[in-house]
Amino acid sequence: MTAAPTSYAPDGSPVEAFARLPAGPAPDLLDGVLPPAATVLDLGCGAGRIAHPLHQQGHRVTAVDQCRDMLDHVDPAIESHQRDIETLDLGRRFDAVLLASFLVNTVDHDQRRQFLATCARHVAPTGAVYLQRLDPELVPIAVDAESEEAGVVYAMRDVHHGDDDRRFEATMRFTIGGLDYAHRYAGEVLDDEALAEALAPHGLRVVRFLDGQRTWVEARP
Ligand SMILES: C[S@@+](CC[C@H](N)C(=O)[O-])C[C@H]1O[C@@H](n2cnc3c(N)ncnc32)[C@H](O)[C@@H]1O
């Protein structure tokens, strides 16, 4: 296996991997619930994996990431901002605010509070926040594993569970065209109760889940 050349975002995400990974089911899940030509704020957009298909589906996407190298992969036709999510205030509201990639599962509770405050600050009164959370049932029992989809090998290695079974750490490896990318990730699982508790101070409540695993959450003011 060859370690691929790549730069890394401050959160450890390998930039070239996220520029090459397929988008998966998220854009279609989201397109299925968004109003036509929705204004969408994609927080932590990375290389635009979700932003690009939503833009192509006719939504008006604004992409935000703290990593310049990630944003360099985002189509210039998409409005983008190099900012920290925590302090973002664009002074306008959106039909949909996305917080994908398990950012809500940060182990830093203060950071989670700031992420959710930013979501609340940018969602329209009739809009929705879409969060992607770690699977609260599977992650506490996760073990080293490997799977393949659309030519990409996804491997989870060196899994470590915290004492209370809520904290989880693992190295996610992506092998794309023989090139190997690694991302050490730490997260804290949010079950339905913990999620509702995290959202409530921001005036947000869970309305429904978009997928069978209940990882894509729709929350509304
Ligand atoms: C795992 S990548 C996923 C990117 C994209 N959501 C996707 O699904 O392909 C997470 C992204 O969130 C960004 N990010 C993490 N914490 C951030 C923060 N506090 N402010 C802005 N961007 C952040 C990283 O720079 C990285 O590009």
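Q: Which domains does the domain assignment of the protein chain give?
A: Domain bounds come from an automatic or database domain assignment, and here they give domain 1 (10-135 + 191-220) and domain 2 (139-188). Please keep in mind that this is a predicted model, in which local features need pLDDT of at least 70 and side-chain atom pairs count only at pLDDT 80 or more, while totals for chains, interfaces and linings use all residues. Residues are numbered from 1 along each chain as its sequence is written.

Q: How many residues of domain 1 are in contact with domain 2?
A: Two residues are in contact if their C-beta atoms, placed from the backbone, lie within 7 Å; by that test, 13 residues of domain 1 touch 13 residues of domain 2. The side of domain 1 that touches domain 2 has seven nonpolar, three polar and three charged residues, where Ala, Val, Leu, Ile, Met, Phe, Trp, Tyr, Cys and Pro count as nonpolar, Asp, Glu, Lys and Arg as charged, and the others, Gly among them, as polar.

Q: Which residues touch the most other members in the largest nonpolar core?
A: In soluble globular proteins, nonpolar side chains tend to be buried together. A nonpolar core is a set of buried Ala, Val, Leu, Ile, Met, Phe, Trp, Tyr and Cys residues joined through C-beta atoms within 7 Å, and a residue is buried if 20 or more other C-beta atoms lie within 10 Å of its own, exposed if 12 or fewer, and partly exposed in between, with C-beta atoms placed from the backbone. The largest core here has 54 residues, and Val40, Ala96, Val97, Leu98, Leu99, Val129 and Tyr130 touch the most other members. Each of domain 1 and domain 2 supplies at least three residues to this core. Beyond its neighbours within four places in sequence, Leu98 has contacts that include Val40, Ile50 and Tyr130.

Q: Is Leu138 buried or exposed?
A: Leu138 counts as exposed, because it has 11 C-beta neighbours inside 10 Å. Leu138 sits in the loop between strand E6 (123-132) and strand E7 (145-149), strands being DSSP runs (E, at least two residues) and helices likewise (H or I, at least four), numbered from the N terminus.

Q: Which residues come nearest to the ligand?
A: A residue is near a molecule if its C-beta atom, placed from the backbone, lies within 6 Å of it. Of the 19 residues around the ligand, Ala9, Gly44, Gly46, Arg49 and Gln66 come nearest, and the shell divides into nine nonpolar, five polar and five charged residues.
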